[in-house]
Each structure stands twice: as structure tokens, then as C-alpha cells.
Amino acid sequence: MKKIFGAVLLSVPVFAVFPSRGEVAHAADGAAAADPVQHCLDLLQLNLARKIAPALPLTSRPVQSPAKNLPTQCLAGNLEEIKNALKNQIANCQRKSTEEKAKTFQFGCQTVKNEDYCLNANEEMLKIASLPNMDYATFVNRAAQEFDWYESNGGQGSDGKFKTGTTRFTGYYSPTAVDASAEPSDVYRYPVYAAPEGLTHFENPKPESGRGCGFDAVTKLPIHWCIDNGDGTFSVLPTREQIAQGALDAKSRKIAYFRSLYDVSSFMLEGAGSVNLRQKDGSVESVVLNFAGTNGRPNNMIGDVLKCENKKINGSLATYYARHPEETYRDTVHYNPSTVFYKRGVSYEGVDDIAITPNASIATDPTSIPTGTVVLLNVPAATACKTVSSIAVAQDIGGRIKGPHIDRYTGAGPAAGRRAESFNNSGLVFMAAPKGAGSPVPDCRSKTAN
């Protein structure tokens, strides 16, 4: 998945030469006058960083036990979908090393091991879901009673759109198969790339301690994706424009070529998808391209670019950009330093090669809700309860999924896309841990949810 609007694209000789993102970021005070669009985008990134950086002291608080206050009155979900997500997560958790299983995350005032919230919780959930004559409502209510639940503190509501203490909900999907080629040609000119050699992800980067490759020049946040130099040091990856100019040609291979820059950008919007890959002999192979990482650069969404350009496009973006290729390059390559790397697969996968399930898999910021956590989601709905709840598993991450933000996977194709686009609201999130799991955090005070 990884909802990341980005692409690795080739520069075309007729396009103007623009300064690199790094050059703009380190320019003198005259940079705003020289490139007001870049200045506007930097301010948007800085504003986003300020919203997510000041973390609340506790990421969650325990729900009163027994969990009579969990919102389980109105439910919407499919038992087979959640069973499938649980099975996939169990397989992933079982593969983890002893060191990984011993890592901890703070749930309220309890420090819970990865083995508990990832492996044991999913196994116990699956046992309940697999009981004879089980239905979805009974499953959720049994789970509500048989686990310790922790309500997320949510966000601080600084943007005026969401209430303090709630979590933002969006959706993502896998687009309909895109026409592409395994080889470049005059028709298929724009590549997507495999992950470069040495690509490394730091969940909690600490550049000052050698865990990472520095801080972003604009947001001052640590960079999560770096290149391992093989000598104990790490380097920052080049921008999308620099990659388009060949900066990674010695380290990364092109795995597919698209017809247009906008086709690539649209594909990258959801971070993964399927392609009908044309071969040299004329045959067509159906291939899934899954997320393999990013270059760790800020991601300027095309909507933000257009806003900063003070430009409104009526009608189809695809049609407009087909008529104005120089603007396509500027809006999707020059002004967006972020790019996505891919790997071939047979099914849609989330982080750590976890197969994802429509409606039961979600993308989260792992520093807010760790991958592998079973959660109860509660969002507004036109029901007598005014909200509806369902259970899902954190199995993916995303470039713009920062802090209290849930991105729900809705499946593949146009119908899934329409459903994904309908999500943009706030709600509540409750994280599950096995009964009694974890160790108390010294001098911690976590208010019990009412």
C-alpha cells in the first residue's frame, strides 16, 4: 500500500532545468522570491511536521475493565476477511527473530512485548473467530471481553478539522491494472524503480547516534529511509528529480515503463498496484508491483502543488497534463522530491511482505500504532448509534500516515477506489493486548477512558 503520491520519472531533454530540492532548501533568504511555489510547499511541510511532532506523553490509555464502554453496539465487518488478516499477521509475527519479538511498545502505562501484541494477540483473536457457529458480532463482543484494550489518545486537533483526542481516517486501494512495458520505447518512456542496493528503513531514527542519515532541511525531522554505505555509515537518498537525471542508475534497476508521467504519478498515489507488462515478444504479463521503500524525502501531493501554484484545473487532470507535458514534469517531479521504490509480487502486500486484506488491513504510523496490532475502529455512520465499529490489523505503513492517522485498505479496482475516496473523517481507535500482558511503566499515570 503506502499511500504515497510519488514517482521516479525520467527527465525529457526539452524540459527546462530546475534547481534541485536540496538547493532550494539551503538557499539564502531570497529563495522565496526566486521560487514562491517551493517556498509555499516548504511551509506546508513545516506545518505538517508541527502537527505530528509534539507527541502526547502517552499514546494510549486503558479502557475500563471489563470493557463495557467499548463502542460495540453497531458493527460492520466480515468474519472471513478478519480471519484472513489475522492468519497473514500470525505468519509474519512467527518469522520474527527473538530480538524483534522482545521489542516493546507502551500501551497506556504497560510496556508490552511485540510477541504479545503481534503474535499472541492475533493467535488468540483467530481462535475466537474460528469457533463453531461464530458470527462477526459475537466475535467482536467476545474479543471486547477477553483482551485488555487501550484507547488511542489521538491527535491534538490543531488543524481545526478534527477534534482533539480523535484519529483521522482515510482509505486507500489498488488501482486497476495499468498498461506498461518491460522495456523502454518511444511509447513507454517513464520508469518505476526497484529498491536500490542498501536501502534501509529506520523505524526510530537517531542520526546523532549513527542510526540514520540526518535530518530534513525544512522540517528538521529525522529521515527514516537511508542508503547503507557498508561501512557503518548511512547516506541520504537523492531527490526524485536527481534520480530522474541518473543519480541511482548504478544502484537501482528500472522494473517497468509507463506511457506518461501522469500515469506513473496516478499509480504511485496508492503506493502499489497491478500492471499489464508488455514483453519483447509481444506477450503481456500481469504483475503486481508492491511497495519496497521510499527515498525518505518530503512528499508534496499534487493537490498541494497546484494550490501553491495558485492553479485550478477544470476537468480531467490526465487530459490536461497530456496536453501540457512540461507542467507534468514540473508538478510531479521537480516539485515533489519524494519517490517510491517497488518489488514484484503475486498479491498486494503491506509492510514486511504481509499480504493485506480488503477492509481488514490498515496502514498506520508504527510509532503511534505498531505493525501487527489488532485494533477496534469506531467511525461516524448513518446508524442509530451514529457510529459503527469494526476490527482490523495494522499491516501497512505510508509516507503521509503520520501520528494519529488510520488508512484503511478497501481492495482493488474502481469500486474500491470510490470507497477509499469516501473516507476522510475522524474517529476512535482502541488497541488490543492479551489479558495481563506487559510490565508496568514506573511513575506512569494513564487516565482510564470513560
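In this predicted model, V288 has G345 as its bridge partner in strand 14. In general, strands of a sheet pair through backbone hydrogen bonds, and either sense may occur.

A further set of strands forms an open sheet of three, ordered 8-9-10 and paired in the antiparallel sense. Strand 8 (199–201) and strand 10 (234–235) each have a single partner strand and stand at the edges, so one side of each has no neighbour in the sheet. Strand 8 is joined to strand 9, residues 225–228, by three antiparallel bridges. Within this pairing, H201 finds its bridge partner in W225 of strand 9.

For helix 4 and helix 6 (residues 114–129), the angle is about 150° and the axes lie 9 Å apart. Angles over 145 degrees count as roughly antiparallel, and the two helices are therefore roughly antiparallel to each other. Their crossing is left-handed. On the helix 4 side, the residues that meet helix 6 include L79, L86, I90 and C93. Among their counterparts in helix 6 are C118, L119, M125 and L126.

Helix 4, which covers residues 79–94, also holds N92. With a relative accessible area of 3%, N92 is buried, as the cut-off for this class is under 20%. The N92 side chain makes a polar contact with the side chain of D352 at 2.9 Å. Beyond its neighbours within four places in sequence, N92 is in contact with D352 and I354.

Seven of its ten residues are buried, so helix 12 is largely enclosed by the rest of the structure. The buried positions are E327, T328, Y329, D331, T332, V333 and H334. These buried residues pack against helix 8 (240–244), helix 9 (261–269), helix 10 (302–308) and helix 11 (317–323).

Technical notes. Residues numbered from 1 in each chain as written. Predicted model: local features only at pLDDT ≥ 70, side-chain atom pairs only at ≥ 80, totals over all residues. Heavy atoms only, no water. Pairing = 2+ DSSP bridges. Helix = DSSP H or I, 4+ residues; strand = E, 2+ residues; numbered from the N terminus. Buried < 20%, exposed > 50% of the residue type's maximum accessible area, 1.4 Å probe, protein only. Polar contact = N/O pair within 3.5 Å; in protein donor to acceptor, adjacent residues only side chain to side chain. Contact = heavy atoms within 4.5 Å. Axes fitted to C-alpha atoms, helices over the stretch in contact; angles between N-to-C directions. Parallel < 35°, antiparallel > 145°, perpendicular 65-115°, else oblique. Left-handed = near helix turned anticlockwise from the far one by under 90°.
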